[in-house]
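Biologist: I am new to this structure and would like a close look at one helix and what surrounds it. Please take me through that part in one go.

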There are 2 protein chains.
Amino acid sequence: MYIGVDIGGTNLAAGIVDEHGRITARDSLPTLRGRSSGEIITDIARLCRSLVDKAGLSMSDIKKIGAGCPGTIDTQTGTAVYVNNLKMEGVPLAAELERLLQKEVHLENDANAAAYGEYCIYGDGVKSFIMITLGTGVGSGIILDGKIYRGFNGAGGELGHMTLVSGGRRCSCGKDGCWEAYASVTALIAQTEEAIKENPQSLTARLAADRGKISGRTAFEAAKAGDRVGSDIVSRYAKYVADGIVSAVNIFQPEKIVIGGGISREGDYLLKPVAEIVKANDYNKYRPHTQLETAKLFNDAGIIGAALAAR
Amino acid sequence: MYIGVDIGGTNLAAGIVDEHGRITARDSLPTLRGRSSGEIITDIARLCRSLVDKAGLSMSDIKKIGAGCPGTIDTQTGTAVYVNNLKMEGVPLAAELERLLQKEVHLENDANAAAYGEYCIYGDGVKSFIMITLGTGVGSGIILDGKIYRGFNGAGGELGHMTLVSGGRRCSCGKDGCWEAYASVTALIAQTEEAIKENPQSLTARLAADRGKISGRTAFEAAKAGDRVGSDIVSRYAKYVADGIVSAVNIFQPEKIVIGGGISREGDYLLKPVAEIVKANDYNKYRPHTQLETAKLFNDAGIIGAALAAR
């Protein structure tokens, strides 16, 4: 058995994961991200111990621990080089956890861990696989020849920070026009907000008022009920998502690309328009095509992937 | 010894290449691209034979022949799947040449061959390397772990067809907003043409009139002579080139990227502004950085790379 840990900005989630990538027990704690890295690491260790107890196991039943963490990760040394939203810089996370738990720990970037989890469970044995996670940002994990692609310095695989609109919107990373600035759920919410301001009588506007907030679902819900404003927002967002996926296809021609993150629960309402644009703009017209699907593990991908990457 | 052949839209160029990638003899014939593929293949075989004679060798001194060809290439079967500007579709180029020359032939995409040549000679032993060729289009070759990256279907590695401006200019491939539509020399010439229309009194306009045509060099020449219109064109073009290279950096974090094609002869006049933008927009702030250089083999890269890929 393995432990997989998903270190998020909101929650620290952990699971006992078997050899086949099945989660047999799970637990979580709030991250409370204002804290020092030392406090967070102590809580991760506490979470791992309580999880093992809860599963009726002892630490000796655990072969290894895998942890996925956002930001720039040095997987060789197990160091969190820089984690923007946890204020970690040069933290030897794996070594600290190993000291506390007396167990080998493998640290991985969270988007890479999620992609690896999805790949191992639903990759159907393909050799090249990309997972795009649409959330607060646009995360991505690239699997080539069955291995996570990291670049020579470990910082690669950031499809979210390709240029989608040269000279366009400022991204949270500081660069203009990143894919993330157009295709993240944060961007979708901003796009919905703008459309509501321009169309205060629309169903989209009324749904947002009823719910007391605008979410990534607002436009989809309105579109499904026949609202033109909602369907325009969804169409434009699908075009942004698709334009970035087309780039990934033309660069990698991978066997499979999956779209993950909460918004992927919209299923065909998102996937169909995206897939149509991708098909029409694939540079490859004469060879087999990349399969495009929604991801299937949802929030479990990070836990499973971290554990399987450690395995 | 090997023979390397570079099948271009204008010329068929070939060279005798030694084990170390040095060209010891060379020859060429016009492609005359209106012709049938059979006629072109016959001429390639003739070129190889005359080249061997010219070098004072016999065919038995040649170990293998490598050929680089534009378009979608199936390297496994040696087939030109689709070559737009030579009107080839499903042509078994390698097999036909093998039949005519009684020698093993390896067929490769031309941008991949050029990248591989540059990588073998000037790659300094790095493991990940990308060559961008700015010409009629934007070609690219991606070397990962010392091998040409092709994707699962052989059609990958087309960085020129990433989206640079979602909803932007139509590319020759049919998609909107491709990098190629902004950063190719064809695009630079169009950008220069537009600027000349708006500034008919500028030095850029006068240089174009004196030369009787606008080329990729016109704006650089005017900029070097202090013309504001010329330097604005160069700055904007450098931004387009850089924005695509930033994407390649953020995705691959390769050890080295080189810029090739005729325009790379502008050296620091192009490289410096591009490098500044790339440095400022690299998502990686905490790890070693990709080296950015101009390519060094110029027109020889294709011949050398095709031969070394066959080796």
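Modeller: Directly after α2 of chain A comes A:Gln102, which has a positive phi, near 50 degrees. The model is predicted. The helix itself spans residues 93–101, and its buried residues are A:Leu93, A:Ala94, A:Leu97 and A:Leu101. These four take up an arc of only 95 degrees around the axis, so they lie on the same side of α2(A). An α-helix has 3.6 residues a turn, so residues three or four places apart point the same way.

The buried residues of α2(A) pack against one other helix, α1 (37–54), and against the strands β1 (2–7), β4 (64–69), β6, β7 and β8 (105–109) of chain A.

Two of those strands, β6 and β7, also belong to an open sheet of 3 strands in chain A, with the order β5-β6-β7 and antiparallel pairing. β5 (72–74) and β7 (88–91) are the edge strands; each has a single partner, so one side of each has no neighbour in the sheet. From one strand to the next, the twist averages 15 degrees. β5(A) pairs with β6 (residues 79–83) through 3 bridges, in the antiparallel sense. Across from A:Ile73 stands A:Ala80 in β6(A).

As for the setting, chain A has 10 helices and 13 strands. Its radius of gyration is 20 Å, close to the 19 Å that the globule rule gives for 311 residues, so chain A is as compact as a globular protein of that length. Of those 311 residues, 57% count as buried.

How values were computed: Residues numbered from 1 in each chain as written. Chains lettered and ligands numbered in written order. Predicted model: local features only at pLDDT ≥ 70, side-chain atom pairs only at ≥ 80, totals over all residues. Heavy atoms only, no water. Pairing = 2+ DSSP bridges. Helix = DSSP H or I, 4+ residues; strand = E, 2+ residues; numbered from the N terminus. Axes fitted to C-alpha atoms, helices over the stretch in contact; angles between N-to-C directions. Buried < 20%, exposed > 50% of the residue type's maximum accessible area, 1.4 Å probe, protein only. Arc of directions from axis to C-beta. Contact = heavy atoms within 4.5 Å. Rg over C-alpha atoms; globule rule 2.2 N^0.38 Å.
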